[in-house]
Amino acid sequence: MIDRRQLMIGAAAVTVVGVPALPAAASGRLKIGSLKFGSLSWLLETIKRRGLDKANGLEMSVLDLAGTGAARIALLSGETDVVVSDWPWAMRQRSGGAPLKFAPYSSALGAVMVGADSGIKSIADLKGKRLGVAGTAIDKSWILLRAYSHKTLGEDIAQFAEPVFGAPPLITEQMRQGRVDAALNFWTFSARLEGEGYKELITMADILRGLGIDPPPPLVGFVWSEETTAGKDAELAAFLKVVEEGNRILATSDEDWEPLKPLMRISSQGEFEALRKSYRDGIPQPWSSEATRSADKLLKLLLEYGEGTLVGSDTKFDAKLFYGA
């Protein structure tokens with residue numbers, strides 16, 4: 001759980017982009033927290049450029065956030081109405097009494113990436129190799145990869161490979177420089193590597209299916225507090241509608257991707273095309289009863305293999321977290 005001290009420390013990481021400061025509960029408006037160069041910024045830029053927000057009677061202001069931690073702090077402190085985060089975190093907060101809700105934003109997941117000529121064909125080939133891991137030893141992707149290797153190989157990959165933990169950009173750079181033999185990274189960084197000629201060894205979706213989580217539920221979505229957004233049901237409904245409309249445009253129109261290139265910070269056409277494809281592949285379906293069942297199984301796995309460090313040993317599954325479930 002995030003405590004009051006963390007909220008105070010993290011508040012300094014939150015700044016407003018292009019709009020005056022407004023109270024989070026201001027009538028008729030929604031504040032959306034977004035990483036300036038994250039994939040959500042691509043969608044929000046499309047929504048605003050196409051005027052989808054105004055057409056649906058929505059006044060949408062955007063908060064520029066320094067990172068995932070800042071987004072979570074901004075949400076819990078009431079600095080913003082909606083952020084993008086993962087539902088295991090939101091489930092932990094809900095178990096602790098925070099009335100959070102979740103709607104899927106992306107089903108895109110990361111992957112283990114290797115060089116095209118590395119000779120590495122399976123995770124068994126990572127024995128004795130250096131594996132870059134985005135995040136820390138309690139990152140959910142790492143925990144799930146460990147569970148997968150234990151199930152399929154009877155061994156913990158943490159014991160037969162050498163994990164190297166770090167921030168996603170650092171792990172990507174380590175991969176480029178040949179300082180790690182493989183990299184487990186978030187989808188945007190994996191897509192960038194794919195655009196440079198690297199290949200997927202195994203995707204997180206494959207790992208989830210191998211663990212019996214099928215269909216893999218979207219892990220990342222829009223999260224909001226029912227307390228902060230009380231009385232804003234119409235605005236939330238309008239926001240989710242314009243998200244759907246914006247994604248429909250990005251799924252079908254190559255032309256609408258061209259203005260996004262500066263936000264994407266691409267270095268090549270191949271990287272651009274790989275990011276666009278991964279984004280499109282990750283546009284989720286509405287949350288379903290099947291996704292709820294898969295999420296329940298996944299939480300149990302995270303509790304078992306994460307030993308309570310990721311989601312908290314007291315976290316209880318609550319289907320009411322999921323909007324529309």
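Modeller: Lys 54 has its place in helix H3 (residues 52–55); helices are DSSP runs of H or I with at least four residues, strands are runs of E with at least two, and the numbering starts from the N terminus. The model is predicted: local features need pLDDT of at least 70, side-chain atom pairs count only at pLDDT 80 or more, and totals for chains, interfaces and linings use all residues. Residues are numbered from 1 along each chain as its sequence is written, and side-chain values use heavy atoms, with hydrogens and water left out.

Biologist: Why is Lys 54 called exposed?

Modeller: Exposed means over 50% relative accessible area, buried means under 20%, and partly exposed lies in between (1.4 Å probe, protein chains only). Lys 54 has 58% relative accessibility and therefore counts as exposed. In space, Lys 54 is 9.6 Å from Val 242, C-alpha to C-alpha, although 188 residues separate the two in sequence.

Biologist: Why does Gln 174 count as buried?

Modeller: Gln 174 has a relative accessibility of 14%, so this residue counts as buried. Gln 174 belongs to helix H8 (residues 168–176). Its C-alpha atom is 7.6 Å from that of Gly 132, 42 residues away along the chain. If neighbours within four places in sequence are set aside, Gln 174 is in contact with Arg 179 and Val 180, where contact means heavy atoms within 4.5 Å.

Biologist: How do you know whether Pro 104 is buried or exposed?

Modeller: At 16% relative accessibility, Pro 104 counts as buried. This proline sits in strand S5 (residues 100–106). Beyond neighbours within four places in sequence, the contacts of Pro 104 include Pro 218, Val 220, Phe 222 and Trp 287. Between Pro 104 and Pro 286 there are 7.1 Å from C-alpha to C-alpha, against 182 residues along the chain.

Biologist: What makes helix H9 mostly covered?

Modeller: Helix H9 (residues 187–195) has nine residues, and seven of them are buried. They are Trp 187, Thr 188, Phe 189, Ser 190, Ala 191, Arg 192 and Leu 193. Just after H9 comes Gly 197, with a positive phi of about 105°. In the protein chain as a whole, 51% of the 325 residues count as buried.

Biologist: Why are H2 and H11 called roughly perpendicular?

Modeller: Two packed helices are described by the angle between their axes and the distance between the axes. Axes are lines fitted to C-alpha atoms, for helices over the stretch in contact, and angles run from 0 to 180 degrees between N-to-C directions. The axes of H2 (residues 39–50) and H11 (residues 233–252) come within 9 Å and cross at roughly 95°. Angles of 65 to 115 degrees count as roughly perpendicular, under 35 as roughly parallel, over 145 as roughly antiparallel and the rest as oblique; H2 and H11 are therefore roughly perpendicular to each other. Residues in this contact include Trp 42 and Ile 47 in H2 and Phe 239 and Val 242 in H11. By class, the contact has nine nonpolar, three polar and one charged residue; Ala, Val, Leu, Ile, Met, Phe, Trp, Tyr, Cys and Pro count as nonpolar, Asp, Glu, Lys and Arg as charged, and the others, Gly among them, as polar.

Biologist: At what angle do H5 and H14 pack?

Modeller: Helix H5 (residues 87–95) and helix H14 (residues 289–305) pack at about 80°, with axes 11 Å apart. H5 is therefore roughly perpendicular to H14. Trp 87, Pro 88 and Met 91 of H5 meet Ala 295, Leu 298, Leu 299 and Leu 302 of H14. This contact has seven nonpolar, no polar and no charged residues.

Biologist: Which kind of peptide bond joins Asp 214 and Pro 215?

Modeller: The bond between Asp 214 and Pro 215 is cis, with omega about 5°. Pro 215 is in the loop between helix H10 (204–210) and strand S11 (220–225).
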